[in-house]
Every structure is written in structure tokens, then in C-alpha cells.
Amino acid sequence: MSSAKDQLAIEMVNVEKTFGQQRVLKGINLPVAKGETTVIVGGSGQGKSVILKHMLGLMKPSSGEVRVFGRDLARMKKQELYEVRKDYGVLFQNVALFDSMTVFDNVALPLRERTKKSQAEIARIVEEKLALMALEGAAGKYPAQISGGMQKRVGLARALALEPKIVFFDEPTTGLDVHKSNEIYRLFHATQQQLKYTAVIVSHDVPKIFKLADSVALMAGGEIQGCMSPEDFQRSDNPLIRQFVEVTMGPIYTNDKEEAVSRETV
Amino acid sequence: MTFATPFKKLGDQSLFFFEAVGRAGIFLLVCLISMLKPPYKLHPIIRQLYFIGSRSGFVILFTGLFTGMVLGLQGYYPLAKFGSEGLLGSAVALSLIRELGPVLTALMVIGRAGSAICAGIGIMRNSEQIDALECMAIDPIKYLLAPKFVASILSLPLLTFIFDIIGIIGGFLVGVALFGVNQGTYFQGMYSSVQWIDIEMGIVKSLVFGLLIVWIASAKGYFLHLERSGGFGAEGVSRTTTDAVVISSVSVLIWDYLITALMI
């Protein structure tokens, strides 16, 4: 049992969150395994980003626990929370680049503020990260001067600057065309292979995102509807998951029971 | 329902008000602590000194000069009526050092730097840049606000000195050069009437104003998302910036009265 717990990077236990009268999270239980990719899918406004904000410690749960490497975020002091976040990398939905800094400075900021590395060493790391994202020419530009896809790549370079243990992606491909999305997925895959980080992705880019996922969780009605492998997810008989899969992917996959029924009728 | 509604509204509003005041108070404390806590980074403080202090130099010179000149103009005629134009120097210097210097400097800095601080922080809050800093384990208060606090508290007294001196020169230009008041009398009157307590009052006022300006501007921007109206988008930022300018201007005048009453 304890060894199973050790394999978890993040564990949400009975997390509830209310805003005024509105209950957004109604008891979330979600394990995120170390070194794996967990994808949270669901319609807009279901509270996917709220879950992410709880994992980041930007929101505190009304009740329940958010354990990161076994420690509860909600009961931490600010300084301890910063310690935990040193292992984090985040790609925000709107990227949240520092718009009055150049691309180079954006990626360099975590290195300058959080490490004691020399300027030369920082420059080397930044250039390496930018090269990895095919952004060599953009170092001197400001975020407003580059395209949306490039901004996402800068965001990814910044998130990975300190080689984090857990990386969070809030809708990493929203607003990008198919080629740009594929590029982001390719970079994600390549960097995860290289850095072996745990990834939490919030997305509604179904079914493409299933190819990257080790486990998929559906957020609906303020609860997590199953957290399982993409194959199981698509064959699940949970009505909410079935509805989601059919709406987003069409009735491509059927489960054994249904196949049995259809065989009988034929 | 209809009977209770106004009371509920009143309660809601008072709760909101006290919550905001309490939040701003705690915020001030946190900012001051993180300002005093090491590590100290010189470079960001110098950048903020340049922006809040140095860049305000021109507007301070301009307002200071004209304030001094108008004091010379307004002071000369009534004093000349009683044949005491020799007092012009001390009248100009005292009103500048005790009142007009600190207050007008503060109002100018509010217009220039206070509004910019509030809008800048507000936009960073709105576009999740502050959250991004938090997630990178960079304390936004230490990183963004502490240098602004140091710079504002240091800048205000220095700008006030400049304002006072240029104002006294303005009074000199009108009184001595234009109306022919004796040059020696102008400065002798000043020398004999300005006490250390007057200068002290000017310094205390400008230090307090420096803190007030940066506190109100950054608190309004930092808590933009908790504004009653939601503080969304461009309109949210502009409304909050206006609020910050109005609140800090009024606070400066109220504190001006309080400090004068305490120190006089």
C-alpha cells in the first residue's frame, strides 16, 4: 500500500471547493502517478482549471487534501509552498508570459531568481532551451511580437527552464491550428522523454490527447468520473464518460456488452 | 425580503469595505517585512528609483518653479501694503517647506508614478503574470513590490527637497528680480524664520506620503481580482487606477492635516 502511495506525485483526496453559493468541486479524488501523463478532460466551465489551481496551491480547498509527494499543500506555510513549487513547471492557458520582458528574459527569469548560476551559464541554458523549441531567432523579441504558437513554445521553454519534476499544462493547444498543435505535442513528447517529468494536462483536444495520456480523467458535474487508461476510458460504461466520448469522438468504440447485443440482433 | 434587502445591502457593503481595509493593512505589513528581509537586490531598486524619482524630476522642477513664483506674486502685494516685503522670503520658504513642497510633490508623483504602478500591477494580475510568478516559486511581493516600496519612500523626500529649493528660487525671481525686494532681506528673513522643526515636518510628511502612495497604488493593483466590480479587463484596470489616484490624493491631504496637527 505504502509503495503504491510512493508512486504518486500528486493525490487529491475528497477535495471540495465552493465559491459563494456555487459548489464547483464536489469531492475530487484524483491520483497522479510519478513519471506518467495524466490528462483531465471535460466540457468548458466544469472546473478543470480549478483543479489545476488547487494542485498549484493558487487556491485552497474548502475541505479535503491536496498531497504533493505526500505533503498536504493546504496546510503549508508560504515558504514551504514555494519549496514545493520549485519542482513545478507551468504552461498557462493564456501562457502568461511577462509581456514587458523579451523572450530571452522570460526564460531566464526563473534561473536568475531561483538559482545562483552565473549570467554566462544562464545564457547558455536559455539558448539551449530556445533551440530545443526552435526559437533561436526570437530571443530578442517581446511576447506581443511573436505568434500564438511561438508564445506557447516560449511558455514551454520557461516552464522547463529549471528541469521540473512535475509540469502542468492548461489547455496547451487552445487557439492553435492542427500543425501548431502537433508541434506542441511533439515537443511535449520529446521533452518528457528527455526530462522524465510527471505531466498533468488539462485539455479538450480529444481524441488526439489520448495518444499521449497514460491515464484520462473526466471532469463532469463537479466530480471526477473515473481515472483510467485511454483504452479503458473509451470503453467505459459510465454514462457520463460514454456521453463525452460519443460527443467528442463519435460512436467509434463500443464495449463488449454492446457488441454482444448488436451481434444478437443481427 | 423587500424589508430586509436594504439592510442586507448595507451589511454586504460594510463587510466588503472592512475586508478591503483589513486586507490592505495586512498587505502593507507583508510588503514592509519583505522589503526589509534579505536578500537585497540593488538593480531593481535602482530601476524603480529611476522611474519613480528621476523621471519625476522634470515635472517637479516645473511645478516647483511656478509654485514659488506664484507665492512670490501673491505674497508681495499684501506684504508691500504694510511695508513688510522683507518678510517675503520667509513667507515663501515656510509655506513651501511645511506644506506645499511635500503635498504638491506627492500629488505629482501620484499622477505620474502611482497611477503607473497600479495599472502595471493590475495588468499583471489580470493576465495571470502574478500567478505565473507564484508558480515559479518567485514571491511576487518581494520581486515586484519591495523595490517599488523602497524607491518610493526614498524618492519622495528627495523630490520634495528639489521642489522646495526650486520654489524658493521661483519666489526669488518674482520678488527680487521682478519687484526689487532686497536680495539680502529675502534670504535673511528665510534664514531667521525657518526652524529645524519646519524642515523636520517636511521630511516626515514626505516619508509618510511616499509610503502612502506606493501602498495604495500597489494594493489596488495587486488585489484587482478582488474588486467589487470584478476588475475585469481594460475597464477594470482603468477604473481601479482612477480609484487608486483618488484615494491616494485624498489620503495625502488627510495625513497632511494629521501630521501638521501632531507636529505643530
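A salt bridge here is a side-chain nitrogen of Lys or Arg within 4 Å of a carboxyl oxygen of Asp or Glu. By that rule, the whole structure holds 26 salt bridges over all chains. This is a predicted model, in which local features need pLDDT of at least 70, side-chain atom pairs count only at pLDDT 80 or more, and totals for chains, interfaces and linings use all residues. Residues are numbered from 1 along each chain as its sequence is written, chains are lettered from A and ligands numbered from 1 in the order in which they are written, and side-chain values use heavy atoms, with hydrogens and water left out.

**Chain B against chain A**

- Contact (heavy atoms within 4.5 Å) joins 16 residues of chain B to 22 residues of chain A.
- The size of an interface is often given as the accessible area lost when the parts come together.
- Buried area is the accessible area (1.4 Å probe) that two parts lose on being put together, summed over both; for chain B and chain A the value is about 1800 Å², with 58% from carbon and sulfur atoms.
- Glu128(B), Cys135(B) and Met136(B) give 33% of what chain B buries against chain A, more than any other three residues.
- The interface carries 4 salt bridges. One of them pairs Glu113(A) with Lys41(B), at 3.7 Å from N to O.
- There are also 6 residue pairs in polar contact, both residues at pLDDT 80 or more. A polar contact is a pair of N or O atoms within 3.5 Å; within protein, one must be able to donate a hydrogen and the other to accept it, and residues adjacent in sequence count only if both atoms are side-chain atoms.
- On the chain B side, helix H5 (129-135) and helix H6 (140-178) each supply at least two residues. H5(B) gives the largest share, 6 residues.
- Helices (H or I, at least four residues) and strands (E, at least two) are DSSP runs, numbered from the N terminus.
- That side of chain B divides into 9 nonpolar, 2 polar and 5 charged residues. Ala, Val, Leu, Ile, Met, Phe, Trp, Tyr, Cys and Pro count as nonpolar, Asp, Glu, Lys and Arg as charged, and the others, Gly among them, as polar.

**Two domains in chain A**

- About 790 Å² is buried between the domains, 67% of it from carbon and sulfur atoms.
- Lys86(A), Leu176(A) and Ile184(A) supply 41% of the area that domain 1 buries against domain 2, more than any other three residues.
- This domain interface has 0 salt bridges but 2 residue pairs in polar contact.

**Salt bridges within a chain**

- Arg75(A) and Asp72(A) pair at 2.0 Å, N to O. Arg75(A) is exposed at 61% relative accessible area, whereas Asp72(A) is buried at 13%. Buried means under 20%, exposed over 50%, and partly exposed in between (1.4 Å probe, protein chains only).
- Arg124(A) and Glu128(A) pair at 3.4 Å. Both lie in helix H5 (residues 119-132) of chain A, 4 residues apart, about one turn of the helix.
- Asp198(B) and Arg98(B) pair at 2.5 Å. They link helix H8 (residues 196-222) to helix H4 (residues 88-126) of chain B, 100 residues apart. Asp198(B) is buried at 3%; Arg98(B) is partly exposed at 22%.
- Glu11(A), Glu65(A) and Arg67(A) form a salt-bridge network.
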